Amino acid sequence: MIDARDIRKEYGGFVAVQGSSFSVDRGEVFGIIGPNGAGKTTTLKMLAGLLEPTSGSAEIAGLDTETAEMRQQLGFLPEESPLYEEMTPISYLKFFADLYDVDPDVAEERMHDTLDELELEHRDRKLGDMSKGMKRKVAIARSLINDPDVLIYDEPASGLDPLTTNYVIEFTEQLANEGKTIVFSAHNLFHVESICDRVVIMNEGEIVARGDLEELQAEYGHTRYHVYTTVDVPDAVQENGSYKRVVESMDAVEETRERAEANGGDVVDIRTEESSLEEVFLNVAEAGTRGTRYVEEDAE
Amino acid sequence: MQLDTLLRVAKWEVTKNAGGVDKRTILVMALSLVAMGAVAAIAVSGGTGAGMDDGIYRIGVDESSPYYGVAADDSTFDIREPDPAAVERRQQELLYRGTQLRSVPRTAKERAALTELRDSTAQYNDRTLARDDNQTAAFPVSVTLVYEQQSGSSQLDPRSGDGSGGSDSSDGSGSSTGGSGDGSDTSGTGGSAASGGGDSGTAGGSGANLGAIGARLTGDVQGGTPSDISPPFPFESLVLAFLYIVPMNFVIQAYGSSMLSERLNRRGELLLVTPASRGDIIGGKTLPYLAGAVGVAALITAALRFGNIAPAGSYVAVLAVVPLVVLFLSATFCGAMFARSFKELTFVTVTITVTLTSYAFVPAIFTDVTPIALISPLTLVVLDLTGQSVGLSSFVFSTVPPLLTGLVLFGLGAGLYREEDMFTQRPIPLKVLDALAGGINSRRSALKMSIVLLPLVIVAELAAIAFLFVLDSVSLNVFGTNQSLGIVLVLGVIVIIEELAKSLHVYAGYEHARYERTLRSALGIGALSGLGFFIGEKGLLIARLSDLESLPIGEAALQGATLPAGLPLWVAGLLFMLPLALHTVTAAISSVGASRGRRAYVAALTVAIVIHFAYNFTVVSTLV
């Protein structure tokens, strides 16, 4: 559904994104994570047709990202979406429905259904008088007014309180379940982990890791073993009547067993714990950068 | 660009902003309109509408006196029963018995009252004679006035039209009838030039037309007497031009705010991801303001026409305003794309208001005085309102340069109407470079850009001529030549404008890494820019549509595009090719400087300007 081929973006001599390639299947939820300034937003804006790649190309549903036909199929939610504050949610959504050439009756029904699902009250209040959470809901409703196949959401829960954040994430998950293809970026990796099928990790404008969660854990994470014994062993803590020691290799597990047996005890349970996406991300980030982000100017 | 999408954006631009105007703003706008209406009313009534001097002179006169009718027709007089005692008590300024003045004016007010009565009597006699069936008897002496076109711009004769003065003659020949005054206390009125024909002054030449509308504007419906013929200042042109210019300044304020608000806090970003193109968005957001400004111009024209102030006003006046509206809006659009805040936008719009109002307003003051007036489309408005025909060539000359300039400015601003330029907070000079760099793709862009920017050059040069032509009569000894100060200054300004037009986009190209910073590349790009300018410069031939070259300053300013008549063929050929060499050389110099950074560019540009000025000055001193 989405195909990015070696897209690169330079601003003057600064390389914001260095030749990224990835594809997203229909109905897939694709996450882009990375630290601030990693190039996530620039990548999303290139996909949305807002920024023209300096080189490379991107297509959505086989259409170049700069065509009106592609934009007709796209719902874009930027990290910050300031609204026309003098308008009401209804007039604002009608305005965009008009621009997307949505039939007025269909638009009317769709906007009220979406606002109902988002539980947005006070639809005749001016947007300037609304809270940030309410505005975000209106912005999400706007991204759906044309019933797009593809959604590009940049930090959809940015700056919202925990309650509204959970609501927005759940709503996004619901959209994914309805079959929308979603490209999603977020700082909160728990959210990404909970709804994304695949993830790329960007750092310094470059994709430094990619795959589904298991693949990333296998490559960049590690497995911890929780070894439970009947007797105390070094580095163990007492837990529910037994002793637990956390180790990171099978050799250490064997060593723990030997120590327990030497003390007259035994191992009663071994449990495994995989790295979280956050740990994977930190491991990848610690691996450092691979190249410079500045283009050398040709000297005469 | 799709019309239906553009119209949708336009519809929502109106709806959105209508909801955003608060009561205080509406109140301010209403007060402004009332104030403008009051100004217009005062102007139309000739400044007497408020009746400040009504009844200030008390005159004792009975109905049997011939002066009774004179005083009754003049609102400054308060007619009372003749009473010598009242004169003694200073309660009457004048006292008449029959035709005899029975009081002796001793105070300043009494003397002023007598002078006013004499003026009123003269006008009363003119009106009476004009109504006489036997005009030959009324005006036995016929005087033919012929106005000669003056050479040189310092001869500011506001009646130097086509030679046909105000007349009631049906053939418009300009012949006027006059008569001898009665020699009594009518101040020696010599006759009436436009009397007897009622309102027929509009049928004559330009001078008569302006006189006629001036008469309406000042309330002097009689007009036509020798004292009316040559007022030193074209008040009527000023008032008419003012009426059309003022509303545009209100429109661009609203337009600039709307455009800038799209940029602040990234509000306009979401429009850019809709199927609407940049052109749809800009066009849609501009259309309501364009329509509004043109609509206001149409309303003003209609009000003047049906209010019988300018009965000749027609669609020509409205059409002539369109390029000005486009120019005002496009400059504001660029300003809104360059400004980083409303504070900066205020500075930009004030600059635009002052500059463009001067461009439109100043030349229009000299309607019927000098061909320079045609530089401004407002001159066409004044001509149309005064019933003078506007030729197609004059219309093209006045309207095409500002219209094309407006379109170029819209193009430059549209180059910035994209995500990566729209929301950046770069200083205005860098934004200007961004806008110029937007049109550069390859070396050949240098040629294209020099041609594209030509309308801006033409308008700037025409404006320079309009502002500096008054200095044409001041001589200046420069390098042993006796040139006018106006010509020297206009040459200097034009050289700076042209060298900037040729090199600034090249510098922008280097700053945005669109060109290679090599000497060979710089020379090639400079040569292309010079060639483009040479080709585009022929657009100045549009000046042929006016009589601008009849003025020394116009001839000097346009010598790059036109050739003096009567030259041998080889000289003409040489003069035709020399500008090409000049433009390519100076553009190449600037380009080499631009390729080496800002300071080198400024230094190289200065050298190019000096060379260009020396060339122009030599040509003008030799040939013009």
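With 10 C-beta neighbours inside 10 Å, Glu214(A) counts as exposed, where a residue is called exposed if 12 or fewer other C-beta atoms lie within 10 Å of its own, buried if 20 or more do, and partly exposed in between, with C-beta atoms placed from the backbone. This is a predicted model, in which local features need pLDDT of at least 70 and side-chain atom pairs count only at pLDDT 80 or more, while totals for chains, interfaces and linings use all residues. Residues are numbered from 1 along each chain as its sequence is written, and chains are lettered from A and ligands numbered from 1 in the order in which they are written.

Glu214(A) belongs to helix H8 (residues 213-220) of chain A; helices (H or I, at least four residues) and strands (E, at least two) are DSSP runs, numbered from the N terminus. Although 60 residues separate Glu214(A) and Glu274(A) in sequence, their C-alpha atoms are 9.0 Å apart in space. Chain A itself is divided into domain 1 (2-218) and domain 2 (222-273), with bounds that come from an automatic or database domain assignment. Taken over C-alpha atoms, the centres of domain 1 of chain A and domain 2 of chain A are separated by 46 Å.

The buried residues of H4(A) are Ala107(A), Met111(A) and Thr114(A). Seen down the axis of H4(A), these buried residues fall within an arc of 70°, so they line one face of the helix; the arc is that of the directions from the helix axis to the C-beta atoms. Helix H3 (89-99) and helix H5 (132-143) of chain A are included in what covers the buried residues of H4(A), contact being counted when the C-beta atoms of two residues, placed from the backbone, lie within 7 Å. On the other side of H4(A), the exposed residues are Asp105(A), Glu109(A), Asp113(A) and Asp116(A).

His122(A) counts as exposed, with 12 C-beta neighbours inside 10 Å. Another non-glycine residue with a positive phi, of about 50°, is Glu155(A), placed in the loop between strand E7 (150-154) and helix H6 (162-177) of chain A. Glu155(A) counts as buried, having 20 C-beta neighbours inside 10 Å.

Turning to chain B, 24 helices and eight strands are found, and 47% of its 624 residues are buried. Of the contacts in chain B with a separation of 6 or more, 69% are between residues 24 or more positions apart. The domain assignment of chain B gives domain 1 (1-44 + 233-424), domain 2 (53-129), domain 3 (131-230) and domain 4 (439-624). Between the C-alpha centres of domain 1 of chain B and domain 2 of chain B lie 51 Å.

Two packed helices are described by the angle between their axes and the distance between the axes. Helix H11 (residues 278-306) and helix H12 (residues 315-338) of chain B pack at about 145° with axes 9 Å apart; axes are lines fitted to C-alpha atoms, for helices over the stretch in contact, and angles run from 0 to 180 degrees between N-to-C directions. Residues of H11(B), including Tyr289(B), Leu290(B) and Val294(B), meet residues of H12(B), among them Val321(B), Val325(B) and Phe333(B). H12(B) is mostly covered, with 20 of its 24 residues buried. Further along, Leu374(B) sits in the loop between helix H13 (342-365) and helix H14 (377-385) of chain B, and is buried, with 28 other C-beta atoms within 10 Å.

Finally, the two chains meet through 20 residues of chain B in contact with 23 residues of chain A. On the side of chain B that touches chain A, helix H1 (3-20), helix H10 (269-272) and helix H16 (419-422) of chain B each supply at least two residues. The largest share of that side, five residues, comes from H1(B).
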